[in-house]
Every structure is written in C-alpha cells, then in structure tokens.
Amino acid sequence: MYQQFRDTGRDIFTAGLISSHGGNISVREGDELLITRRGSMLGRLAESDLVRTRVAPCEADEHCSRELVVHRAIYNACGAGAVAHAHGVHTVYRSLVADSIEPIDSESRYVIGESIPVLAPAETIGSSEAAEMLARAFADGAKIAVLRTHGPFAIGESLDEAFYHLTCLEASCRLLDLRDSVGLPLAQPNG
C-alpha cells in the first residue's frame with residue numbers, strides 16, 4: 001500500500017497539481033482508512049507519512065490531513081475506494097470564473113462527465129460545510145468536484161483512478177483557458 005501512496009503522491013506532484021506540501025490522498029479499507037499525514041509532502045512520501053484511522057472519529061485523527069473530515073464524508077456518501085485532492089492551477093482558476101466546469105475535450109467528457117460541479121462553501125479547507133457539499137456531489141454520481149478557490153477532490157476505486165480524474169480535469173481546464181485566451185471559434189466535433 002505504501003508504494004501506491006508514494007507513486008500517486010509523486011505523480012500528483014510531478015504533474016504540477018500541487019505545491020510542495022499541498023494535497024492529500026486516502027484509501028478506504030473496510031471501516032478504516034489510510035490517509036496522508038498533516039503537512040506531508042506528497043512528492044516525497046515516507047511510510048511515516050501515512051496514518052491509519054477509522055471512518056468514524058478516533059484518537060489517530062490529530063495526525064491526519066486537515067481534510068480528514070472531507071474524506072470521511074465522501075466515503076460515507078459513496079462507494080469510493082480512494083480519494084485524491086489537489087490544487088491544479090488551471091482547475092482552481094476555472095473555479096473562480098464558473099459555477100461548473102464543462103469539458104470541451106472528448107476524453108474528459110467521457111471519463112469525468114460533461115459538467116463538473118464547482119462548490120462554494122464559506123470555508124473551503126477541512127470544513128464540515130465543504131464535506132457535506134462534496135458528499136452530496138459524489139452521492140449524486142460525480143467522479144470529481146471542485147471547491148472554489150481550493151481545488152478538486154476526485155474519487156476512484158483506486159488511487160490511480162482518482163489521479164486519472166484529477167489529470168483529466170486539469171487538462172480540460174488548460175484547454176478551456178487556451179480557448180478563452182485565443183478567442184478563435186471552435187470547430188464542431190463532427191463538422
């Protein structure tokens with residue numbers, strides 16, 4: 001399990017989706033979850049950066065990522081096996097200018113959907129309001145949802161799948177930013 005965390009953390013960092021100490025990832029195993037430690041560097045995870053806790057609050061919580069409340073709410077709302085959270089610059093920017101992100105590329109539309117919700121809780125980092133909003137989005141079938149100003153949370157059966165969802169959204173947001181900066185009309189897919 002450590003290797004999966006190490007590899008996914010490194011991939012999230014090298015893809016440019018987080019700063020040195022940003023983001024967090026977790027995996028659910030029955031009524032337990034393994035989550036990154038508060039303040040850990042995803043790009044350089046050591047075994048000591050993983051904390052085993054429960055889906056219900058327990059004594060190990062003080063060492064977990066501040067987003068533990070969000071991860072728990074997501075797991076309780078849907079059948080996800082893993083959760084990944086990042087701060088991709090293009091995705092965060094799109095969250096500042098739209099209430100949903102609508103991919104224009106076919107891969108993202110196929111993989112993550114035609115409309116990605118952007119949620120705007122009063123407090124975005126580790127808040128119960130953010131947790132409740134994200135839980136509703138995932139219960140309604142989203143594979144990824146974005147907290148305005150803070151970034152996306154993605155689910156998957158595995159960390160690899162959650163990472164795939166993060167990268168699809170960031171690539172799509174880059175395309176949206178290019179479209180907006182160039183101003184040329186887009187050709188229709190079948191025309």
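This briefing describes the sheet, the helices and the nonpolar cores of one structure. The model is predicted. Its open sheet has 8 strands in mixed pairing, in the order β3-β2-β1-β4-β8-β7-β6-β5. Helix α6 (residues 159-182) packs both on helix α1 (residues 2-14) and on the sheet, where α6 touches β1, β4, β5, β6, β7 and β8. The largest nonpolar core has 29 residues, and α6 gives the largest share of this core, 8 residues.

**The sheet and its strand pairs**

- The edges of the sheet are formed by β3 (50-54) and β5 (100-101); each has a single partner strand, so one side of each is left without a neighbour in the sheet.
- Strands β1 and β4 pair in the antiparallel sense over 4 bridges, and in this pair Ser26 stands opposite Val83 in β4.
- Strand β4 also pairs with β8 in the antiparallel sense, again over 4 bridges, with His85 opposite Phe153 in β8.
- Both faces of β4 are covered: Ala82 and Ala84 are buried on one side, and Val83 and His85 are buried on the other.
- Strands β5 and β6 run antiparallel and are joined by 2 bridges; Ser100 stands opposite Pro117 in β6.
- Strands β6 and β7, by contrast, run parallel, joined by 2 bridges, and Val118 stands opposite Val146 in β7.
- The loop between β7 and β8 contains Thr149, a residue other than glycine whose phi has a positive value, near 75°.

**Helices on the sheet**

- Helix α3 (residues 89-97) lies across β5, β6, β7 and β8 (151-156), and α3 runs at about 70° to β7.
- Helix α6 also packs on the sheet, and its direction makes about 140° with that of β8.
- In helix α2 (residues 68-77), 7 of the 10 residues are buried, so α2 is largely enclosed by the rest of the structure.
- The buried residues of α2 are Leu68, Val70, His71, Arg72, Ala73, Ile74 and Tyr75.
- These buried residues pack against strands β1, β2 (32-36), β3, β4 and β8, and against helix α5 (128-139).

**The contact of α1 with α6**

- Helices α1 and α6 pack with their axes 10 Å apart, at an angle of about 10°.
- An angle under 35 degrees counts as roughly parallel, which is why α1 is described as roughly parallel to α6.
- On the α1 side, the residues in contact are Gln4, Phe5, Thr8, Asp11 and Ile12; on the α6 side, they are Leu159, Asp160, Phe163 and Leu166.
- By class, this contact has 5 nonpolar, 2 polar and 2 charged residues.

**Glu170 in helix α6**

- Glu170 is found in helix α6.
- With a relative accessible area of 7%, Glu170 counts as buried, since buried means under 20%.
- Leaving aside residues up to four places away in sequence, Glu170 touches Leu17, Gly88, Val89, His90 and Thr91.
- Gly88 is 82 residues from Glu170 along the chain, while the C-alpha atoms of Glu170 and Gly88 are separated by 6.3 Å.

**Nonpolar cores**

- In the largest nonpolar core, the residues with the most contacts inside it are Phe5, Ile12, Ile25, Ile101, Leu166 and Leu169.
- Two or more residues of this core come from each of helices α1, α4 (106-112) and α6, and from each of strands β1 (24-29), β4 (82-85), β6 (116-119) and β7 (144-147).
- Of these elements, α6 gives the largest share, 8 residues.
- Ile101 touches Thr91, Arg94, Glu114, Ser115, Ile116, Val118, Val146, Leu169, Cys173 and Leu176, not counting residues up to four places away in sequence.

Definitions and conventions:
Residues numbered from 1 in each chain as written. Predicted model: local features only at pLDDT ≥ 70, side-chain atom pairs only at ≥ 80, totals over all residues. Heavy atoms only, no water. Axes fitted to C-alpha atoms, helices over the stretch in contact; angles between N-to-C directions. Parallel < 35°, antiparallel > 145°, perpendicular 65-115°, else oblique. Contact = heavy atoms within 4.5 Å. Nonpolar A, V, L, I, M, F, W, Y, C, P; charged D, E, K, R; others polar. Core = buried A, V, L, I, M, F, W, Y, C linked by side-chain atoms within 4.5 Å. Buried < 20%, exposed > 50% of the residue type's maximum accessible area, 1.4 Å probe, protein only. Pairing = 2+ DSSP bridges.
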